[in-house]
Amino acid sequence: IMGKGKGNNAFEDTFEITDSGASLTIPQQMSAFRKGQYIMIKDRPCKILDMSTCKTGKHGSAKVHVTAIDIFTDKKCEDVSPSTSNRDMPIVKRVEYQLLDIDTEEGYVTVMTDKGEVKDDVLIPTGELYGDLLARFEKEESLMVTVMSACNEDKIVAFKTMTK
């Protein structure tokens, strides 16, 4: 026989509001990183150019020295961490989009996803890549751009003419 207890219901529902759970990075031990992989340095996604390990004294742990380049700003970054410490590895994706428009005044391109959705917040590339892209776009060529994405940032890294 079940009876009603005294006081408030002990089984009240509690809900917390959280994000979707999708992470922008994955933790990885420093000693597991390799040249060519991506690593977060000073909260920026970087590509590892060089790594070296140096042993410290009798009671110290080995240190890993990383030289990397920011994948969006091309700035050189360096870091030294114990080999047993964990660091974040950014999740980097490359996606191809159809180029629809280049807004030189605002500094963005408009692209279409493979699902037909329009995305207009991709920054115009810099340097020679921009000059080549603009020249081909002005010739009214149908172009596909390759966009590298990580940590809620995008960068056009390549383009090609669409084949019919």
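Strand S9 (118-123) and strand S11 (153-161) each give at least two residues to the lining of the largest pocket. Strands here are DSSP runs of E with at least two residues, numbered from the N terminus. Before I go on, a word on what we are looking at: this is a predicted model, where local features need pLDDT of at least 70, side-chain atom pairs count only at pLDDT 80 or more, and totals for chains, interfaces and linings use all residues. Residues are numbered from 1 along each chain as its sequence is written, and side-chain values use heavy atoms, with hydrogens and water left out.

Back to our pocket. Rolling a probe the size of a water molecule over the atoms shows where empty space is left. The volume is the space filled by probe spheres set on the points, which are joined across faces, edges and corners.

How big is the largest pocket by volume? It comes to about 290 Å³. Its lining has 14 residues, and Phe72, Leu123, Glu153, Asp154 and Lys155 lie nearest the centre. S11 supplies the largest share, four residues. Sorted by type, the lining holds five nonpolar, three polar and six charged residues. For that sorting, Ala, Val, Leu, Ile, Met, Phe, Trp, Tyr, Cys and Pro are nonpolar, Asp, Glu, Lys and Arg are charged, and the others, Gly among them, are polar.

Now turn to the second largest pocket, with a volume of about 190 Å³. Its lining includes Ser23, Leu24, Ile91 and Lys93, along with Glu153 and Asp154. Strand S10 (143-150) and S11 are the elements that give two or more residues to this lining.

Two strands pair if DSSP finds at least two bridges between them. What is the order of the strands in the open sheet? Reading across, the five strands go S9-S8-S7-S10-S11, with antiparallel pairing. S9 and S11 stand at the edges with a single partner strand each, so one side of each has no neighbour in the sheet. On average, neighbouring strands of this sheet are turned by 45° against each other, direction ignored; the axes behind that angle are lines fitted to C-alpha atoms, and angles in general run from 0 to 180 degrees between N-to-C directions.

Look next at strand S7 (residues 93-103). S7 and S10 pair in the antiparallel sense over six bridges, and Arg94 stands opposite Met148 in S10. S7 is also joined by five bridges to strand S8 (residues 108-112), again antiparallel; there, Asp101 has Thr110 as its bridge partner. S7 and S8 form a hairpin with four residues between them, and Gly107 in the turn has a positive phi of about 90°.

My last stop is the salt bridges. We call it a salt bridge when a side-chain nitrogen of Lys or Arg is within 4 Å of a carboxyl oxygen of Asp or Glu, and by this rule there are eight. Which residues are linked in a network of salt bridges? They are Arg44, Asp70 and Glu153. Arg44 and Asp70 meet at 2.7 Å, N to O. Arg44 sits in strand S3 (residues 44-54) and Asp70 in strand S4 (residues 63-70), 26 residues apart. Glu153 and Arg44 meet at 2.5 Å, N to O, and this pair links S11 with S3, 109 residues apart.

Are these residues buried or exposed? Buried means under 20% relative accessible area, exposed over 50%, and partly exposed in between, using a 1.4 Å probe and protein chains only. Asp70 is buried at 3%, while Arg44 is partly exposed at 24% and Glu153 is partly exposed at 27%.

Technical notes: 1 Å grid on protein atoms, 1.4 Å probe; cavity = no way out; pocket = protein on both sides within 12 Å on 5 of 7 lines; lining within 4 Å.
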